[in-house]
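Subject: Structure handover

Hello,

Please find the structure below. My notes on it follow.

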Amino acid sequence: MTNTFPQALTIAGSDSDGSAGMQADLHTFFTRGVYGASVITACVAGNSYGIHASVPMPTDFIDQEFKDLADDYQIRASKTGMLADSELIEDVVKNYQAHDFGPLVVDPVIMTKHGNQLLEESAFETLRTKLLPLATVLTPNFFEVQKIAEMTITSDADMVTAAQKMQRMGAQNIIAKGSHALPNQTAVRDLVLLANGDHFWLSQPYHATDRVNGTGDSLSACITAELAKGTPMRQAITLAKTFVNTAIGHPIEVGHKFGPINHWAAQNRDYDDLPE
């Protein structure tokens, strides 16, 4: 029967070296047994040394991508990646509201895991006020948590307060990622705040490696894939955290400098032992 297979959508840029962006999302969808469709928002030319050129897609082309998918596919869950400017964010919001593409996972892509800002301030405000309220799941990194919540995080209590602030902005479920830059770090702890107000912490070993391209993309994509399959929210988030940590902990030698995570290792792991 047509459209019975779980289908998920990534709304993101195309990364030519395959390590991040749309490519990382599609790798993740595939390894989690979900068919992946895409709305390409930009094309990036780059490699393991860095990004060297980018071209945004015209909004009328993006509109057509959304329409064509809506006319033919049954998208059960969607996610966003980096959206370059206010016009693009507003166009994605307009199209997502016009079509039934399931729950939305928002990877805000405002700042790098090292604290460098990626979006101009005007685009950040558009993302916070127009896209964030549509998020079924929001997955900010440590610096993005501080930026969105407008506060400095120095304790577990601060992280809970920040997540609650983001929930009041409209996002339903929050994964507030812990810092990756602590002295003598051995673990990374992320806070999860669920829509019902319950919260808990997820901890996984810290891996000192430069093979981490696509980490945030893959986390949000894994959650999206699980939601497309009907996995309960808490289980989807817990599985995604383990999925990404497994992929980071088994690096592959691709490229000369900053490399991708290993989706094959994550695919081959047994997830039956995870808590419900």
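A salt bridge here is a side-chain nitrogen of Lys or Arg within 4 Å of a carboxyl oxygen of Asp or Glu. This is a predicted model, in which local features need pLDDT of at least 70 and side-chain atom pairs count only at pLDDT 80 or more, while totals for chains, interfaces and linings use all residues. Residues are numbered from 1 along each chain as its sequence is written, and side-chain values use heavy atoms, with hydrogens and water left out.

Salt bridges

The structure holds 14 salt bridges. One of them joins the side chains of Arg128 and Glu150, at 3.5 Å from N to O. Arg128 lies in helix α4 and Glu150 in the loop between α5 and α6 (156–168), so this pair ties together parts that are 22 residues apart in sequence. Helices (H or I, at least four residues) and strands (E, at least two) are DSSP runs, numbered from the N terminus. Arg128 is buried, with a relative accessible area of 12%, whereas Glu150 is exposed, at 59%. Buried means under 20% relative accessible area, exposed over 50%, and partly exposed in between (1.4 Å probe, protein chains only).

Glu121 forms a salt bridge with Lys147, with 3.0 Å between the closest N and O atoms. This pair links distant parts of the chain: Glu121 is in helix α4 (residues 121–131) and Lys147 in helix α5 (residues 142–149), 26 residues apart. Glu121 is partly exposed at 38%, and Lys147 is partly exposed at 22%.

A further salt bridge, 3.7 Å from N to O, is formed by the side chains of Arg211 and Asp210. Arg211 counts as buried at 6% relative accessibility; Asp210 is partly exposed at 37%.

Gly230, whose phi is positive, near 90°, follows α7. Gly216 is found in the helix and is buried at 16% relative accessibility. Its contacts (heavy atoms within 4.5 Å) include Asp107 and Lys177, not counting residues up to four places away in sequence. Gly216 and Ala20 are 196 residues apart in sequence, yet their C-alpha atoms are 8.6 Å apart.

Arg32 sits in the loop between α1 (21–31) and β2 (35–47) and is buried at 13% relative accessibility. Beyond four places in sequence, Arg32 touches several residues, among them Cys222, Ala225 and Tyr271. Arg32, Glu226 and Lys229 are linked in a network of salt bridges.

Regards
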